[in-house]
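Trainee: Please take one residue of this model and describe its surroundings closely. Then place it against the rest of the chain.

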Amino acid sequence: ELIEIGDGFRIPDVLARSGAHLVEVGTTNRTRAADYERAVGAETALLLRVHQSNFRVVGFTEQPTVTELAAVAQRHNVPLLDDLGSGALLDLADEPTVRGALADGADLVCFSGDKLLGGPQAGLIVGRADLIRTLRRDPLRRALRVSKLTLAALEAVLGLYRAPEFLAERLPTLRLLTRSPAELRAQAARLRPLLQRSLGEAYEVVEAAMFSQFGSGALPVEQLPSHGLTVRTVKARRASLERLDAMLRALPRPVISRLADKALWLDLRCLEAADEAAFAAQLGALHP
């Protein structure tokens, strides 16, 4: 769990700058609660668990649950900090939730305000009131606190979670993640002839089932059933697809595709119905 996060920052380096001394526990693939128990000493101030949010270790593996680690922490009277990374407040595949981590016994939980939560870029810490008060009194909090604009945006997003019946409708992150394959198939059927006319006879545009990935450093192996369009050249010249890919990215509202299996793939998950007209209008600017 000595994880490297975005832009090359590493958890052990971040913690070392605070003056903490890290004690590694267990092995890369198999670690048990008993390993933590043996590592606790007189100077132990905190047990740290870091969620593998942007990668997975598979095969011959084992890791303790939050409940098991919480029991170790309670026996030794030290707090347990669970770093969740992406910060899911709702159940999404196998991503742990903030509420779940607290219910399982974590004393503090930290997570991102953006990513799966869907708000502004920020860091949040929740948990035991006495520990939160200690953090609030630390002089570094003044330097690290977010701006009032970030707080206002975060308040607005968190307010949506209090009305879950409207959440997926009003929060773009969840709205896009929960789009149905049937909706995407209908969209592909509408857009295929438009794209085919714009590209001309040198290309073949076909509706295709595909998979979306979550991104944002979360759920790295989970795939969402999706639907979209594939473009192939009639004479299978990859260079033509590469030029088309560059043209799509250079549009006033860039269209991000991917090249694989001698085809250009357009996953329609993030193209909402309200943006279809703008997407179609841009197709006239393509001259591949």
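Mentor: Leaving aside residues up to four places away in sequence, R253 touches D275, A278 and Q282, where a contact means heavy atoms within 4.5 Å. This is a predicted model, in which local features need pLDDT of at least 70 and side-chain atom pairs count only at pLDDT 80 or more, while totals for chains, interfaces and linings use all residues. Residues are numbered from 1 along each chain as its sequence is written, and side-chain values use heavy atoms, with hydrogens and water left out.

R253 sits in the loop between α11 (238-249) and β7; helices (H or I, at least four residues) and strands (E, at least two) are DSSP runs numbered from the N terminus. R253 counts as partly exposed because its relative accessibility is 46%; buried means under 20%, exposed over 50% and partly exposed in between, with a 1.4 Å probe and protein chains only.

D261 lies between β7 (258-260) and β8, and it counts as exposed because its relative accessibility is 61%. The phi of D261 is near 55°, a positive value in a residue other than glycine. Most residues other than glycine have a negative phi. N77 also has a phi near 55°; its place is the loop between α3 and β2, and with a relative accessible area of 69% N77 is exposed.

A pocket here is an open set of points on a 1 Å grid over the protein atoms alone, where a 1.4 Å probe fits and protein lies on both sides within 12 Å along at least five of seven lines; lining residues have an atom within 4 Å of a point. Its lining has 27 residues, of which I256, D267, R269, C270 and L271 are the closest to the centre. Two or more lining residues come from each of α9 (172-177), β5 (203-215), β8 (263-267) and α12 (276-282), and β5 gives the most, with four. By class the lining of this pocket has 15 nonpolar, six polar and six charged residues.

The largest has 32 residues, and L47, L80, V109, F111, Y161 and L171 have the most contacts inside it. Elements supplying at least two residues to this core include α3 (66-76), β2 (80-85) and α9, and α3 has the largest share, five residues. L171 touches L117, G118, V157, L160 and Y161, again not counting residues up to four places away in sequence. Apart from this core lies another, of 21 residues, including L191, L195, Y203 and L244.

As for the whole chain, it has 12 helices and eight strands, and 37% of its 288 residues count as buried. Its C-alpha trace spans about 75 × 45 × 35 Å along the principal axes. Among contacts between residues at least 6 apart in sequence, 62% join residues at least 24 apart.

Note on methods: Nonpolar A, V, L, I, M, F, W, Y, C, P; charged D, E, K, R; others polar. Core = buried A, V, L, I, M, F, W, Y, C linked by side-chain atoms within 4.5 Å.
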